[in-house]
Amino acid sequence: MRPLNSGTCGPLRGKTDLPGDKSISHRALMIGAAAVGETTISNLLEGEDVLHTAAALRALGAEIARDADEPGLWHVHGRGVGGLAEPARVLDLGNSGTGARLIIGLLATHPFVSCLTGDASLTARPMGRVAEPLERMGARIVARSECRLPLAVVGTSDPVPIEYRLPVASAQVKSAILLAALNTPGRSTVIEPVATRDHTELMLRHFGADLAVAELEDGARAITLTGQPEIEGRTVRVPGDLSSAAFPAVAALVIPGSEITLAGVGVNPLRAGLIETLGEMGADITIANRREEAGEPVADITLRTSALRGVEVPAERAPRMIDEYPILAVAAAFAEGTTTMGGLAELRIKETDRLGATARGLAASGVEVERDEDALVVHGTGGAPEGGAAIEAGYDHRIAMAFLVLGMAAKKPVRIDDGTVIDTSFPGFVELMNRLGGSIVAEGEAP
Ligand code: S3P
């Protein structure tokens with residue numbers, strides 16, 4: 001346990017890079033492991049979640065090494081599509097739902113048995129959503145009650161292509177099917193009624209796979225992958241993680257006199273719902289220097305302190321900003337007026353029940369909130385909230401970071417019981433925030 005305290009600070013100023021995108025880092029490693037030859041990845045996120053994925057892929061026979069010369073530079077020697085080997089031990093995916101669900105997909109069409117587990121948070125999360133389509137493809141998933149980890153994947157030697165309509169908007173489920181489809185003869189199709197992050201599609205294309213996306217009459221997207229392609233190693237530069245950028249971004253908006261630039265951040269439109277929402281709240285945001293890296297849009301984002309106002313966030317936007325609700329709710333606490341957020345049922349089955357944890361943390365910080373099963377309403381006052389809360393981060397990095405940001409601009413400091421969990425997605429968070437002008441200190445250490 002590493003308790004952290006964050007208190008009122010002066011303006012945030014400066015320009016910074018961000019650690020690599022977590023979603024893209026997982027995919028670069030996994031697809032690199034399924035390609036023939038060498039993949040070189042720069043700015044790979046060296047957070048716990050991604051390191052667990054790297055370790056699991058090594059146990060499956062891929063050669064994966066960190067370059068000694070440059071932080072974030074990694075080399076993967078892939079085994080080719082269908083070429084992973086039976087692991088000799090249980091694969092531990094730590095805290096990572098993405099790592100677990102995507103690897104289950106990859107393994108479903110490899111003809112051997114693998115066992116997976118994770119930490120106390122991950123072993124409580126539902127895996128039935130991936131097991132169901134993967135069993136239709138021929139795999140068998142033998143799991144604990146409610147299809148939770150630990151579980152065994154009995155991969156099929158005779159996979160069948162499927163057409164599958166996602167019953168829940170989930171990029172993890174879509175990606176698990178596409179990764180299983182990599183080693184399935186013929187064409188597999190995933191239909192998503194609501195578009196979710198398309199990093200798997202972009203990365204598969206970047207590696208040379210044959211992937212087609214069609215818009216159906218009802219507005220749904222049909223993604224078709226032709227299986228068993230010859231994919232070859234590539235160079236991948238991972239963009240900065242917009243979901244990590246969200247924390248300094250909101251801090252700069254609510255701390256008086258701030259102006260920061262977040263450089264090289266991924267701005268994939270299927271991830272950028274928070275930028276849109278903050279814009280509607282009156283945030284002063286400039287997006288410059290748009291470019292593309294490994295098929296992903298990237299830009300530099302400048303934010304200045306802004307008088308925010310409450311808005312109604314449309315429920316359909318939730319998949320494009322699903323990980324950003326805790327920090328958006330913090331921004332809403334500083335805004336003038338009410339912010340209404342709907343379509344949040346999925347938030348309850350993240351690393352923790354994020355809907356509950358966000359509502360409890362805000363209430364403990366003196367903010368008026370209402371919540372039900374899938375909605376959150378925050379009544380902002382246009383001023384600094386009381387703060388002074390003691391927050392249990394549980395196993396949730398984003399809850400920890402969101403409330404540390406609240407503490408930076410609230411009237412009284414906020415305490416997080418354990419900051420170590422932040423390393424799952426944002427190693428160096430405290431140092432980065434303090435470099436910009438923040439005041440987050442480990443309990444018992446001098447500021
Ligand atoms: C992710 C998809 C989202 C998101 C998670 C990362 C991904 O989960 O919450 O942090 O990389 O595919 P769902 O697929 O459950 O929505």
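How many aromatic pairs does the structure hold? The structure, a predicted model, holds two aromatic pairs. Ring pairs join Phe247, Phe426 and Phe429 into a cluster. A second topic here is the packing of helix α3 against helix α5.

**Aromatic cluster**

- A pair of aromatic rings is described by the distance of the centres and the angle of the planes.
- Phe247 pairs edge-to-face with Phe429, at 6.3 Å centre to centre and 85° between the planes.
- This pair links distant parts of the chain. Phe247 sits in helix α7 (residues 242-254), and Phe429 sits in helix α12 (residues 429-436). The two residues are 182 residues apart.
- Phe426 also pairs with Phe429. That pair is edge-to-face too, with 5.2 Å centre to centre and 70° between the planes.
- Phe247 and Phe429 are buried. Phe426 is buried as well.

**Helices α3 and α5**

- Helix α3 covers residues 97-108, and helix α5 covers residues 171-182. They pack at an angle of about 25°, with their axes 6 Å apart.
- Because of that angle, α3 is roughly parallel to α5; angles under 35 degrees count as such.
- The α3 and α5 crossing is right-handed.
- From α3, the contact is made by Gly97, Thr98, Arg101, Leu102, Gly105, Leu106 and Ala108.
- From α5, Gln172, Ser175, Ala176, Leu179 and Ala180 take part.
- By class, the contact of α3 with α5 has six nonpolar residues, five polar and one charged.

How values were computed:
Residues numbered from 1 in each chain as written. Predicted model: local features only at pLDDT ≥ 70, side-chain atom pairs only at ≥ 80, totals over all residues. Heavy atoms only, no water. Axes fitted to C-alpha atoms, helices over the stretch in contact; angles between N-to-C directions. Helix = DSSP H or I, 4+ residues; strand = E, 2+ residues; numbered from the N terminus. Parallel < 35°, antiparallel > 145°, perpendicular 65-115°, else oblique. Left-handed = near helix turned anticlockwise from the far one by under 90°. Contact = heavy atoms within 4.5 Å. Nonpolar A, V, L, I, M, F, W, Y, C, P; charged D, E, K, R; others polar. Phe/Tyr/Trp six-rings, centres within 6.5 Å; stacked < 30°, edge-to-face > 60°. Buried < 20%, exposed > 50% of the residue type's maximum accessible area, 1.4 Å probe, protein only.
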